Amino acid sequence: MSTDAIAAYHDLLTSGSNLAADSQAALDKAQQLRGLHFGTRPVCTVLRPRFLTPAQYRLLHDTVSVLLPAFQTSYDRALVDPTFRKQYRLHDWEDELLSIHPGYRDPSPTSRFDSFFVSDDELMFTEFNTETPAGAGYSDALSELFYGLPVFQEFQRRFLVWPIPAKPGVLHALTDSFRQWQGNTCDPPRIAILDWREVPTFSEFVLFYDYFRAMGIEARIVDPEDCEYSDGKLMAGDYHITLIYKRVLISELIERGGMNHPVVRAIRERAVCMVNSFRCKILFKKASLAVLSDERNDGMFADEQLRAIAKHIPWTRLLEERKTMIDGSEIDLVPWTLANKDILVLKPNDDYGGKGIVLGWTVDQPLWEAAVKTALASPHVVQRKVRIPSEAFPSFENGNLQILDRMLDTNPFVAFGSYMHGCLTRISTEALVNVTAGGGSTVPTFLVEAR
């Protein structure tokens, strides 16, 4: 059990030695040297990593492996069936961009689930980030840093630990997609890590830049505003881009640059490969979970997939005037939603970083009714609440060690659209466990086992 490892780790910190103070000093210095800051905040604010047992890891891996084909099935149908695709509530401009073939098989070669271990053997997946899955660089860098903390070194006298690296999965997904796009030629990629220079995740772009260069691949961090397209080449100054590691949100790219932005034109004319592609928007929509859990679509999925969906995907529906099923009973969706706020979450269909999410049990009835009215005016999903687990994490501030309960999620990265490759853990004192939303922290994730 990871509880034994957690107790042993905390005992080391509370032993009366200088281990906590020395470890915090080492963590602060290492994060400063590596630039591990989200905006102005340190990426990690606690002294203990997340521990997963081999059994928990196997459950996570196996569940991802069963669910991914179900998402692929729904994606394949949505791509060719405009009527079915309406369940995802794509905008007209998003629908138009679907016609651009990315040049490779997978809709999202690099992606990430957001999930919660409700118990050691109960796992719930609440979102699927197929557009700009962040955190792999931070998680891997923190894993390296924690090996250097005095408390972690002492902990390894009694426990075996293994990191769960994520960056290699991202790199392999990028280069494999590039080879498919490239066809018979074999020129090495020239990567642009593409996003606005003012975003708070810029420090993670630097981590990937260093990683790509260390692996012998040319790379630059590029702001979309610095891109130009002419003579069949996408350029950033004198740098010829052939592979885009897309961190910019598609909605922001189109909002700020329009459908004729140089990046869009270059992709349309197959002058550059972009990962993930415009087609990632189908599964990025929060409605992708509603498609899986809606009884209208049961006939699409194999029996094993239906069992996994029922067990691991919380009841989710697009909020609209309709009748549907929950727990074997028919309900009128909107009145039922209004009457059951304490077990429900409202989420915008297309947003990130926790923006616009309303946790029904945290607001009063008038605010909930106003949120439902807003949700009916623009695409939202309503999702059944899942129990958010918590663990005690130690922090050292102002000369004092504190061990406080924090809520945490478990977010497996996916490579090639087919299997788990790496894991991100975020912790928070707030029910909305999201670093972008403020107040959260990223911690490295390790497999742990007693020696």
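Which side chain meets Arg179 in a salt bridge? I looked it up in this predicted model. The partner is Asp176, at 4.0 Å from N to O. Arg179 and Asp176 are 3 residues apart in helix H8 (residues 167–182), so about one helical turn separates them. I noted Asp176 as buried, because its 19% relative accessibility is under 20%.

**Other salt bridges**

I searched the whole structure and found 33 salt bridges. One of them joins Arg34 to Glu144, with the closest N and O atoms 3.3 Å apart. This pair links distant parts of the chain: Arg34 is in helix H2 (residues 19–34) and Glu144 is in helix H6, 110 residues apart. Arg34 is partly exposed at 34%, and Glu144 is partly exposed at 46%.

Next I checked Arg322. Its salt bridge goes to Glu295, with 3.4 Å between the closest N and O atoms. Arg322 sits in the loop between strands E14 and E15, and Glu295 in the loop between helices H13 and H14, 27 residues away. Arg322 is buried at 12%, whereas Glu295 is partly exposed at 27%. I also found a network of salt bridges with shared partners, joining Glu94, Glu131, Lys246, Lys281, Lys285 and Asp350.

**H6 against H9**

I then looked at how H6 (residues 136–146) packs on H9 (residues 202–214). The angle is about 70° and the axes are 8 Å apart. H6 is therefore roughly perpendicular to H9. Their crossing is left-handed. Ala136, Gly137, Tyr138 and Ala141 of H6 meet Ser203, Glu204, Leu207 and Phe208 of H9. I sorted this contact by class: 5 nonpolar, 2 polar and 1 charged residues.

**Gln305**

Last, I checked Gln305 in helix H14 (residues 303–312). Gln305 is buried, at 12% relative accessible area. Beyond its neighbours within four places in sequence, Gln305 contacts Val66, Pro69 and Ala70.

Conventions. Residues numbered from 1 in each chain as written. Predicted model: local features only at pLDDT ≥ 70, side-chain atom pairs only at ≥ 80, totals over all residues. Heavy atoms only, no water. Axes fitted to C-alpha atoms, helices over the stretch in contact; angles between N-to-C directions. Helix = DSSP H or I, 4+ residues; strand = E, 2+ residues; numbered from the N terminus. Parallel < 35°, antiparallel > 145°, perpendicular 65-115°, else oblique. Left-handed = near helix turned anticlockwise from the far one by under 90°. Contact = heavy atoms within 4.5 Å. Nonpolar A, V, L, I, M, F, W, Y, C, P; charged D, E, K, R; others polar. Buried < 20%, exposed > 50% of the residue type's maximum accessible area, 1.4 Å probe, protein only.
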